Amino acid sequence: MSVSSSTRFSYLSRRTRIHLKVIPASAYEQFRQNIFSLVRSTLMADQPSPFKPQEVKGLKKIPPYWYPYTTMTKLRWIGRELLEVVSTEFRDRSMEYYRYALESGVTTVNGKIAKPDTILQNGDRVENVVHRHEPPVTSKPVKVLLHDVEREFIVVDKPGSIPVHASGRYYRNSLIEILVDDFGYEKCYPVNRLDRLTSGLMIIPLSATRARQLTLEFMAGTVRKEYVARVKGRFPSEEVVCEEPLLTVDRQMGLNIVHPEGKSAKTVFNLIRYDANTDSSVVRCQPFSGRSHQLRVHLQFLGYPIANDPVYSEKKIWGENVGKGGIDVTPSDDREAPAPPTHLQALVEAQGSPESLRDGSAAESVLTKKLPRETGEDIGMGSPVPLSNEAVGVITRLRNMKDENEDWSRWRDVVFRAKGVMKPSNMIIKPPPPQNQRKRGGKAEIISNDAVAQAASTSSTTLDVTLTPPSEATTPNSEETVNVIASVVRIIASTSALEQTPPSDTETEVEVPSVPQLTVEEAIGKISIAPATGFDTTSDSEQIYCPECYLPLHPDPNPEKLYIFLHALKYTISLGEFSTPMPDWAAEGWEWDQS
């Protein structure tokens with residue numbers, strides 16, 4: 001089959017660095033494969049996933065999954081276009097992809113499909129369906145050190161790399177979800193948190209009453225906390241007190257700095273031991289406040305950053321001084337548009353930048369205003385104070401380092417250009433409840449829309465079932481599931497008589513020709529033998545992007561780089577004193593890979 005050059009598509013193979021030709025399927029074939037993927041991922045638990053990450057020693061990985069969630073409009077979003085909000089709040093995908101996703105109808109506002117230029121208002125309920133690719137975490141297990149049934153709390157030892165709460169790309173690999181799903185605790189009420197990269201002790205109430213009590217103790221400052229860290233250099237032998245105020249200046253990267261406009265913070269440090277073989281010190285840290293990244297930033301300010309901290313001890317981000325004594329805070333308006341790495345410059349010039357929404361024409365540049373992320377003005381939008389030129393440079397270099405660690409996937413995020421709409425056209429998000437009954441966040445629901453119900457009605461049966469993520473999917477043995485499968489197969493069969501374009505996201509009724517009723521066995525058989533995708537897009541069995549959401553897949557991280565040398569060692573509260581053993585890296589003479 002011959003295909004014009006305008007419809008061909010090239011992408012970069014991470015292993016070979018060779019451009020491979022990909023021929024897009026027709027719109028009808030894309031819709032057909034979306035239906036097959038939908039059935040496999042939501043209803044047929046025994047069928048293989050379209051994409052399953054390879055097992056790697058030392059890493060815990062889970063297959064990607066579709067997840068619906070909801071949130072209320074935040075104060076900083078009010079009056080802004082949806083695409084601007086999404087592209088400045090999140091950086092996992094390219095600008096062009098976010099526009100494509102919104103135009104695919106994956107997001108609703110107050111139950112109505114939203115578009116990139118939808119203006120968000122106060123009280124709006126935003127619901128979105130995302131294909132979650134959770135980053136790998138350490139395979140080191142969570143340990144429950146104590147379960148006090150009578151007093152309703154548990155004491156756990158959290159490994160580094162696992163976040164406490166579900167946030168960003170993390171959900172099932174968060175501590176609270178692990179405690180609920182793997183350990184069977186019905187409800188957990190965390191009252192404090194540890195950084196994702198930090199390991200150590202956490203006291204987690206199992207009832208709202210116990211949670212309120214511990215919250216009051218943390219707020220009153222009566223909880224005594226003790227951490228241990230391994231830092232660069234020879235730490236002073238005398239006690240060191242740091243009381244520099246701290247400020248979060250970039251929400252996306254979670255970056256904090258010492259700043260006169262920041263919140264008060266106090267930490268007391270004492271040397272435990274200096275190891276000459278690695279020119280590092282093991283230090284006891286006692287925070288008297290609970291600011292974000294407090295210990296990490298205070299140690300950096302003192303000139304003894306945590307030895308393996310990927311952010312606060314990295315010369316490529318902070319320069320030779322590595323932030324010792326703080327950075328300049330003189331406000332500056334200087335910003336630069338993001339630029340691709342040198343080795344992808346030619347590819348971006350040839351195919352167009354996925355980080356720009358312009359086609360390069362003079363008319364478009366005059367008529368349309370660039371969004372903040374296209375100009376670099378998104379840096380500092382979430383900061384409570386104007387940023388200095390040095391702070392902007394730090395954030396820019398930190399973002400580039402993150403992109404490099406993910407193989408510059410945002411700049412390779414162009415596979416979707418050859419695809420149809422991402423969201424299956426027969427699915428919509430369940431309408432929101434009345435405004436006075438709306439929740440501020442959580443999981444949304446996906447239900448079948450009128451088109452599916454209309455198609456199913458050809459056999460005098462209405463299809464109106466709530467679909468759940470794979471972990472909650474109904475087993476193929478249930479009567480409800482096989483009925484849904486049969487209905488979906490009827491939809492697929494009926495589309496062959498329709499116009500060869502994917503169904504619209506509108507609610508226009510479609511006349512569906514009558515088709516022969518399939519038995520359950522025939523329906524399952526057709527789904528089982530159907531191909532997972534319409535065409536092959538990889539070479540030598542290498543899968544470099546997701547076949548469902550077209551995300552350029554990230555290389556696996558080194559398990560030894562998933563945590564930092566910072567451990568919550570001991571907590572003293574009204575319920576008692578609790579501690580964990582010293583971490584391995586705190587042992588005398590301990591060595592690690594410093595490459």
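Just after helix α6, Gly-303 takes a positive phi of about 95 degrees. Here a helix is a DSSP run of H or I with at least four residues, a strand is a run of E with at least two, and both are numbered from the N terminus. This is a predicted model, in which local features need pLDDT of at least 70 and side-chain atom pairs count only at pLDDT 80 or more, while totals for chains, interfaces and linings use all residues. Residues are numbered from 1 along each chain as its sequence is written, and side-chain values use heavy atoms, with hydrogens and water left out.

Buried means under 20% relative accessible area, exposed means over 50%, and partly exposed is in between (1.4 Å probe, protein chains only). The buried residues of α6 include Gln-294, Arg-296 and His-298, along with Leu-295, Val-297 and Leu-299.

Helix α3 has seven of its nine residues buried, so it is largely enclosed by the rest of the structure. Among its buried residues are Tyr-97, Tyr-98 and Tyr-100. What do the buried residues of α3 pack against? They pack against α2 (82–89), β5 (107–109) and α10 (372–375), where a contact means heavy atoms within 4.5 Å. A glycine follows this helix too: Gly-105 has a positive phi, near 85 degrees.

| Helix | Buried residues | Glycine after it |
|---|---|---|
| α3 (95–103) | seven of nine | Gly-105, phi near 85 degrees |

**Spaces inside and between**

On a 1 Å grid over the protein atoms alone, a cavity is a set of points where a 1.4 Å probe fits but cannot get out; a pocket is an open set with protein on both sides within 12 Å along at least five of seven lines, and lining residues have an atom within 4 Å of a point. Grid points are joined across faces, edges and corners, and a volume is the space filled by probe spheres set on the points.

The second largest pocket holds about 810 Å³ of space. Of its 32 lining residues, the closest to its centre are Lys-225, Tyr-227, Pro-287, Ser-289 and Gly-290. Helix α6 is one of the elements that give two or more residues to this lining, and so are β12 (224–232), β17 (280–287) and β22 (566–573). Domain 2 (141–219 + 565–594) and domain 3 (223–334 + 374–406) both contribute lining residues, so the pocket lies between them; the domain bounds come from an automatic or database domain assignment.

The structure also holds five cavities of 30 Å³ or more. The second largest cavity has about 50 Å³ of space. Val-297, Gln-300 and Phe-301 are among the lining residues, together with Trp-318.

**The whole chain**

The protein chain has 14 helices and 23 strands, and 51% of its 595 residues count as buried. Its mean pLDDT is 78, with 69% of residues reaching 70 or more; pLDDT is the predictor's confidence in each residue, from 0 to 100. Over residues 361–367 the pLDDT is below 50, and this stretch has three contacts beyond near neighbours in sequence.
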